[in-house]
Amino acid sequence: MRRVMCHATAALVAVAALLAGTATAREVPFLSGRVNDTAGIIPADARERIEGKLKQLEQATGTQVAVLTIDTLGGEALEDYSLKVAQTWKLGHKGVDDGALLLVARDDHKMRLEVGYGLEGRLPDALCRRILDNVLRPRFRAGDFAGGIEAGVDAIVGTLQGKDVVPASAPSAGPPVDLTFALVFGGFFLVVMTPFSVIALFAKGSMSWFLYLFLIPFWAAFPTAVLGPRSLVIVGAWIAGFPVFKYWLRSTHAGKTFLKAHPGWASFATASSHSSSGGGWSSGGGFSGGGGSFGGGGASSSW
C-alpha cells in the first residue's frame, strides 16, 4: 500500500508540474499592426512613425517586419517565445519567407531580432547582433525605449535596402561581462565541445579533419557571444594549434609515446567516430502555412 501511495503521489506531482508549466507559458498576443506595444513603452507619435516606415518598406519590397514589446517573458526562453510569435503571426510571404520580428522584453532586459528564411542572407545573425548591441542597447540603457526601437527599425530597413547603416561598434563601452553567466555558459560550452574536440584530435583519417573544420565556427561563434572580440584568441588557438598538436601526436617520438601511454584517448576517439558515422547533425526548425517561414535565424541580446 505504501508503495502504491508513493507512486500515486509522484504521478500527481508530475501532473501538477506539467499543468503549472502549461499555465505559465506566455500567450502570443493578437497581431494588431506592425507595431504591437503591449508593454506601453512607445508613445503614440513614435508608434505612428515606425508604423509608417514599416508600411513603406512592405509596399516597396514586400518584406514584412513587425515590432512586439512585452513586459516580461514570464520565465519562458527568449528564443522559444520569439520563434513562437513569428510562427503564429506568419510574417513574410509563403515561399518567399521575407519576414522579421523585433521583440523587446522590458522587465527582463532582453531583446531579439527573429529573421525569416528568406532574409537570412541580407540579415545574417552577426549583423542582427550588431543592430541589437550597437543601435538599440545604448538607447535602452539611457531609458529611451522608443528611440531605440525606432533607430533599430531604421537600421533594419536601411540594411534591407542595401545601405550600410549599422555602426561597427557601440557608441560607448558596455559593462563587463557578467561573471556568473560567463562561467555557466563557458562550462556548458566546454562540456559539449570537449568530446568532439577530443575525437577530432585523436581520431585517424578524414573524420579527424572533417571535425576540425566543422568545429571552427563553433569555437568562433559561441565564445564571441560572451567574450566578444577577445574570443578570437580561442578560435585562433584551435585553427593553428590543432594541426600542430595533430602532427606532434602522429609524427614525433614524444607524441607516439604519449599515445602509447594513454591508449584510452585513441580508443575513445575511434569508438565515438564509428558510432557517429551513421548519423549527423541537424538544427533549426520552421513552418509553412499562410505566410513566411522561420527557423531560428537572427540574434538575441540584452541591456
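User: How much of the chain is buried?

Analyst: Buried residues account for 37% of the 303 residues. Keep in mind that this is a predicted model.

User: And the secondary structure, how many helices and strands?

Analyst: The chain has 10 helices and five strands.

User: Let's do helices. What does H5 look like?

Analyst: Helix H5 covers residues 145-160, 16 residues in total. From first C-alpha to last, H5 reaches 22 Å. That is close to the 22 Å expected at 1.5 Å a residue.

User: Is H5 mostly covered or mostly open?

Analyst: Mostly covered. Of the 16 residues in H5, 14 are buried.

User: What caps its N-terminal end?

Analyst: Asp144 does. A side-chain oxygen of Asp144 lies 2.8 Å from the backbone nitrogen of Gly147.

User: And what follows H5?

Analyst: Gly162 follows H5, with a positive phi near 85°.

User: How do H2 and H5 pack?

Analyst: Helix H2 (residues 44-61) packs on H5 at an angle of about 10°. The axes are 10 Å apart. With angles under 35 degrees counted as roughly parallel, H2 is therefore roughly parallel to H5.

User: Which residues make that contact?

Analyst: On H2: Ala46, Arg49, Ile50, Lys53, Leu54 and Leu57. On H5: Ala146, Ile149, Glu150, Val153, Asp154, Val157 and Leu160.

User: Zoom in on Leu57. Buried or exposed?

Analyst: Buried. Leu57 sits in helix H2, and its relative accessible area is 2%. Buried means under 20%, so Leu57 qualifies.

User: What does Leu57 touch?

Analyst: Leaving out residues up to four places away in sequence, Leu57 touches Gly62, Thr63, Val65, Val157 and Leu160. Leu57 and Val157 are 100 residues apart in sequence, yet 6.8 Å apart in space, C-alpha to C-alpha.

User: New topic. How many aromatic pairs are there?

Analyst: The structure holds 10. One of them is Phe140 with Trp303, an edge-to-face pair. The ring centres are 4.9 Å apart, and the planes make 75°.

User: What about Tyr212 and Trp238?

Analyst: Their ring centres are 6.0 Å apart and their planes are at 35°, so the pair is tilted. Tyr212 is in helix H7 (residues 206-227) and Trp238 in helix H8 (residues 232-251), 26 residues apart. Tyr212 is buried at 9% relative accessibility, and Trp238 is buried at 10%.

User: Which cluster do they belong to?

Analyst: Ring pairs link Trp209, Tyr212, Trp238 and Phe242 into a cluster.

User: Now the arginines. Where is Arg112, and is it buried or exposed?

Analyst: Arg112 is in strand E4 (residues 110-116). Arg112 is buried, with a relative accessible area of 5%.

User: Which polar partners does its side chain have?

Analyst: The side chain of Arg112 makes a polar contact with the side chain of Ser300, at 2.7 Å. A polar atom of the Arg112 side chain also lies 3.5 Å from the backbone oxygen of Ala299.

User: Which other residues is Arg112 in contact with?

Analyst: Setting aside neighbours within four places in sequence, Arg112 contacts several residues, including Leu78, Glu79, Ser82, Leu132, Gly296, Gly297 and Gly298.

User: And Arg34, where is that one?

Analyst: Arg34 is in the loop between helix H1 (2-24) and strand E1 (35-37). At 25% relative accessibility, Arg34 counts as partly exposed.

User: Which side chain does Arg34 join through a polar contact?

Analyst: The side chain of Glu58, at 2.9 Å. Beyond residues up to four places away in sequence, Arg34 touches Glu51, Leu54, Lys55, Glu58, Val65, Ala66 and Val67.

User: How far is Arg34 from Arg47?

Analyst: Arg34 and Arg47 are 9.3 Å apart, C-alpha to C-alpha, and 13 residues apart in sequence.

Conventions. Residues numbered from 1 in each chain as written. Predicted model: local features only at pLDDT ≥ 70, side-chain atom pairs only at ≥ 80, totals over all residues. Heavy atoms only, no water. Phe/Tyr/Trp six-rings, centres within 6.5 Å; stacked < 30°, edge-to-face > 60°. Helix = DSSP H or I, 4+ residues; strand = E, 2+ residues; numbered from the N terminus. Buried < 20%, exposed > 50% of the residue type's maximum accessible area, 1.4 Å probe, protein only. Expected span 1.5 Å × (residues − 1). Polar contact = N/O pair within 3.5 Å; in protein donor to acceptor, adjacent residues only side chain to side chain. Axes fitted to C-alpha atoms, helices over the stretch in contact; angles between N-to-C directions. Parallel < 35°, antiparallel > 145°, perpendicular 65-115°, else oblique. Contact = heavy atoms within 4.5 Å.
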